[in-house]
Structures are given as structure tokens and as C-alpha cells.
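This briefing sets out a computed structural description by topic. Please consult the sequence and the structure shown below while reading.

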Amino acid sequence: YLAFQPQCKAQLRARPDVAQGELVRVTDWRLLTPADYDRTCFHFEVDVRGTAMEHAVNGSQGKALSVYATNDAERVMQFMKEMNLDPDQVVSVEELAPPSEDGTVVLTTVHKLFIQYLDIFGKPTREFLKKLFPYA
């Protein structure tokens, strides 16, 4: 596939579902809720100096910042080993990251899917548990 990149018009992106994503350094992080609370709420601060968003968020009101957390790579590798999953297998993630143009396909590896897209180690939400109830 990537051997014919010009013919396939392949584009490599860190997150195909995030057009303007950038990595920023976290400078402060504090948990605001008790550890046993059913929701996680925390305060964090990031350093946006030297990024494209530096002037967009400086002093402005009403701006939104999306946070895309990742799973621990070692735990993901252990999980994939236990589940007998090939981390290098290429899969389509169009349900999670719809293609930006018609006729295109969004592909990633199983490893990246479990690191960046799926929250496999977090607490299940109430909504998730409600959806499971009919199968209990």
C-alpha cells in the first residue's frame, strides 16, 4: 500500500479523526475527585508556546481544547498478547474516524487502535453498563 503512495494518495496522520491535532506538554495535573468516585475529574495545565494554537487561545474566551489520552504501551502489548492479537495487523477504523473525503479509507494498526482510540483500561461508564444490562 505505502509502496505506491503517490498512486494511492496515501497520507500518514497521527490521528485521522483530528485534523488540527498537536502534542502539548502538560505542566500541571491534579485529580479533583476522590480515587473511588465513579467519575474522574481533574485539573490540568498545558504549555502551548511554540504551537499553532498559541495565539488562538491566548486571552480568548469560548475556545475549546480536546484531550486525547493514550493507553500505556506496555499494558496494551500485554493485553494484545493475552488476546492473541497481531499488533501490526492493519484494520479499518472508519467507525471511529470517518474519512474526510469520499472514496478514502481510514486505516491503522491494531497496536495504534488500542493505544490511541480505545479506552480499554478505564472504568466503564454508567451508559456503557446500561447498554450491557439486556445481556446480563
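Residues are classed as buried under 20% relative accessible area, as exposed over 50% and as partly exposed in between, with a 1.4 Å probe and protein chains only. The model is predicted: local features need pLDDT of at least 70, side-chain atom pairs count only at pLDDT 80 or more, and totals for chains, interfaces and linings use all residues. Residues are numbered from 1 along each chain as its sequence is written, and side-chain values use heavy atoms, with hydrogens and water left out.

**Overall architecture**

- The protein chain contains five helices and four strands, where helices (H or I, at least four residues) and strands (E, at least two) are DSSP runs numbered from the N terminus.
- Along the sequence, these elements of the protein chain follow the pattern α-β-β-α-α-β-β-α-α.
- The protein chain has 136 residues, of which 15% count as buried.
- Of the contacts in the protein chain between residues at least 6 apart in sequence, 43% join residues at least 24 apart; a contact means heavy atoms within 4.5 Å.

**Salt bridges**

- A salt bridge requires a side-chain nitrogen of Lys or Arg within 4 Å of a carboxyl oxygen of Asp or Glu, and the count by this rule is four.
- One of them joins the side chains of Arg25 and Asp47, with an N to O distance of 3.5 Å.
- Because Arg25 lies in strand 1 and Asp47 in strand 2 (residues 42-47), this pair ties together parts that are 22 residues apart in sequence.
- Arg25 counts as exposed, at 52% relative accessibility, whereas Asp47 is buried, with a relative accessible area of 16%.
- Asp47 also meets Arg49 in a salt bridge, at 2.9 Å from N to O; Arg49 is exposed, at 62% relative accessibility.
- Through salt bridges that share partners, Arg25, Asp47 and Arg49 are joined into one network.
- A further salt bridge links Arg30 with Asp28, whose closest N and O atoms are 3.2 Å apart.
- Arg30 is partly exposed at 42% relative accessibility, and Asp28 is partly exposed at 24%.

**Aromatic pairs**

- A pair of aromatic rings is described by the distance of the centres and the angle of the planes.
- Rings of Phe, Tyr and Trp (its six-membered ring) pair if their centres lie within 6.5 Å; planes under 30 degrees apart count as stacked, over 60 as edge-to-face and the rest as tilted.
- The structure holds two such pairs.
- The Phe79 and Phe114 rings have centres 5.3 Å apart and planes at 55°, so this pair is tilted.
- Since Phe79 belongs to helix 3 (residues 73-82) and Phe114 to helix 4 (residues 110-117), the pair ties together parts that are 35 residues apart in sequence.
- Phe79 is partly exposed, with a relative accessible area of 24%, while Phe114 counts as buried at 11% relative accessibility.
- Phe79 and Phe121 form an edge-to-face pair, with 6.5 Å from centre to centre and 85° between the planes.
- This pair links distant parts of the chain, 42 residues apart: Phe79 is in helix 3 and Phe121 is in the loop between helix 4 and helix 5 (126-132).
- Phe121 is partly exposed, with a relative accessible area of 28%.
- Together, Phe79, Phe114 and Phe121 form one aromatic cluster.

**Charge over a ring**

- Arg75 lies over the face of Phe121, at 3.9 Å from the ring centre; the criterion is NZ of Lys or CZ of Arg within 6 Å of the ring centre and within 35 degrees of the ring normal.

**Nonpolar surface patch**

- Val26, Trp29, Leu31 and Phe42 make a nonpolar surface patch of about 390 Å².
- Patches are made of residues with over 30% relative accessible area and no salt bridge, with like charges joined within 9 Å and nonpolar side chains (Val, Leu, Ile, Met, Phe, Trp, Tyr) within 5 Å.
- Strand 1 (residues 25-31) gives the most to the nonpolar patch, with three residues.
- Trp29 is located in strand 1 and is partly exposed, with a relative accessible area of 49%.

Technical notes:
Areas by Shrake-Rupley, 256 points an atom, 1.4 Å probe, with all protein chains shown as cover.
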